[in-house]
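Could you walk me through this model in the viewer, one selection at a time? I would like to know what to click on next and what I will find there.

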Amino acid sequence: MKQTSFKVLSNEKIAQNVYKMVLTGDTSAITSPGQFVNLLVDSCFLRRPISVCDVNDSELTLVYKVVGAGTKLMSKASAGDEFDTLTGLGNGYDLTKSGKTPLLLGGGVGVPPLYMLAKKLINEGKKVSVVLGFNTKSEVFYEDEFRALGSDVTVATADGSYGVKGFVTDALPDDYSYFYTCGPEPMLRAVFRTTSTSGQFSFEERMGCGFGACMGCSCKTVTGYKRICKEGPVLEKEEILWED
Amino acid sequence: MGRLSVDLCGITLDNPVIPASGTFGFGYEFAEIYDINVLGTFSFKGTTKELRFGNPTPRIAECTSGMINAVGLQNPGIDKVISEELPKLKKCFDKPVMANIGGFSVEEYKENVAKISEEEQVGWIELNISCPNVHSGGVNFGTDAKSAAEVVRAVKPVAKKPLIVKLTPNVTDIVSIAKACEAEGADGISLINTLLGMRIDLKTKKPVIKNVMGGFSGPAIFPVALRMVYQVANAVKIPVVGMGGVSKAQDVIEMMLAGAAAVEVGTANLVNPRACLNIINDLPLVMDEYKIEKLSDITGGAFNG
């Protein structure tokens, strides 16, 4: 974990209620896809945890959805604004288990962390398939970006206004070696039921601190209690215990 | 003895700044950010006899200038704390630590206090009779002078370290509870634990917290905490550790003027992991600004007469 200041380079709307913010700062603590950063937003008391979409030596890309007061304020930020940021938070996706033909399943605002993951897997020579699910056409984002990486992309919309009609689980390819997923909990449950291989899930929970101190975001797993912010947000399929 | 040093129950602290239980884990997360040996001490995560998961999630809700938590004493249980957490802590913290001890019965408190007393690194025991997030236990002892006295009476003989009793503000008369603890031999009082609160999500029209209610903390509660510290410090002779919404050096000084011998910092650590480090660095500057030579001289400075 590192605590440093990040400066906004750009912040633009890329789909309905979805924004892409590029910031510059010390990114050295961010080591794996699926990790998140925690931004201090002026006039909000708690920080806002946002998954890392992409990162290089000096730039951090965040793609976030406006869901409340904090993300609304973030959407108003402009170039030059600074955010006190905790980086390198959480335990990201483990690439070593991917096999040769991994499948990435993203739903809505769960799509962004899969971008950095796809990039890394493709760099390792893996043949990556991606299924992106959205509610409707106006919410679709990053289809072209995933395609530009060289992955095989399928888009599904719940209302059928774009791509395959239905959920990501209605557009699963027949054959894949392993899967990685991130999205709303109902989607994760469906993915859990529908997939035929092992895989990794990224979870969300209301967090206090985001770095393991407050125990606000704990969950029960087969292998004991875990903090979504620290041992998570990525958990393996075999350790997940769904609670009603 | 430096300008910032204070005495807490016979042990000298380099400064009065103490991260509060439940906001600092067992220290390691913060040790990634700064050398936690700069702290006066810290109070580790509330520990009970058995491993506890705590309450269902969501158990965090944001508020204006504060937050609500309903964690419910998640902890690995006292045996694991002793066998795993304390040896790990020893590697990043070489000062006496404050052991926050919870319980669900007088017997459990007694057993836990006896066990933790044997640990060399424990400097003080902070007896948590005030957690608002556990049903049928914990807080019930702290909401009534008679039951608070009963717990203190039971644990005092087995406490081989100074016993500081942590009180809840969710009572009619906190002074009578503090006095009852003092009468049974408590070596100190710490206050306040969180204020019972709740939030409702306008989208779902249901409580944000799964457990409905939780403990409200953060800068918003500072004036309430300060008032209670002032009342209790005026009424007892034993040292008082003040806490509740402290987030800057000025707040520490204000708490001490209200009668605190030392000050715990809680929620501020969760928002800014460097909060305590910043406070410790700022204290000499703020003391200069207000012409305070030595911090230990100002405890209770705001009392009349």
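**Starting at a hairpin in chain A**

Select strand β14 (residues 218-221) of chain A together with strand β15 (residues 224-227) of chain A: the two pair in the antiparallel sense over four bridges. Helices (H or I, at least four residues) and strands (E, at least two) are DSSP runs, numbered from the N terminus, and two strands pair if DSSP finds at least two bridges between them. β14(A) and β15(A) form a hairpin with two residues between them, and T221(A) stands opposite G224(A) in β15(A).

A word on what you have open: it is a predicted model, where local features need pLDDT of at least 70 and side-chain atom pairs count only at pLDDT 80 or more, while totals for chains, interfaces and linings use all residues. Residues are numbered from 1 along each chain as its sequence is written, and chains are lettered from A and ligands numbered from 1 in the order in which they are written.

**Across to chain B**

Now show both chains. Here 21 residues of chain A are in contact with 26 residues of chain B (contact: C-beta atoms, placed from the backbone, within 7 Å). On the chain A side, β14(A) gives the largest share, three residues. That side divides into twelve nonpolar, five polar and four charged residues (nonpolar: Ala, Val, Leu, Ile, Met, Phe, Trp, Tyr, Cys and Pro; charged: Asp, Glu, Lys and Arg; polar: the others, Gly among them).

**Two helices in chain B**

Next, select helix α7 (residues 249-257) and helix α9 (residues 275-289) of chain B, which pack at an angle of about 70° with their axes 8 Å apart (axes are lines fitted to C-alpha atoms, for helices over the stretch in contact, and angles run from 0 to 180 degrees between N-to-C directions). That makes α7(B) roughly perpendicular to α9(B) (65 to 115 degrees). To see the contact, show A249(B), Q250(B), V252(B) and I253(B) of α7(B) with I279(B), D282(B), L283(B) and V286(B) of α9(B).

Stay on α7(B): is it enclosed or open? Eight of its nine residues are buried, so α7(B) is largely enclosed by the rest of the structure (buried: 20 or more other C-beta atoms within 10 Å; exposed: 12 or fewer; partly exposed: in between; C-beta atoms placed from the backbone). The cover includes β3 (17-19), α6 (222-235) and α9 of chain B.

**Last stop**

Finish at A235(B), in helix α6 of chain B. A235(B) is partly exposed, with 16 other C-beta atoms within 10 Å.

Terms used: Contact = placed C-beta atoms within 7 Å. Parallel < 35°, antiparallel > 145°, perpendicular 65-115°, else oblique.
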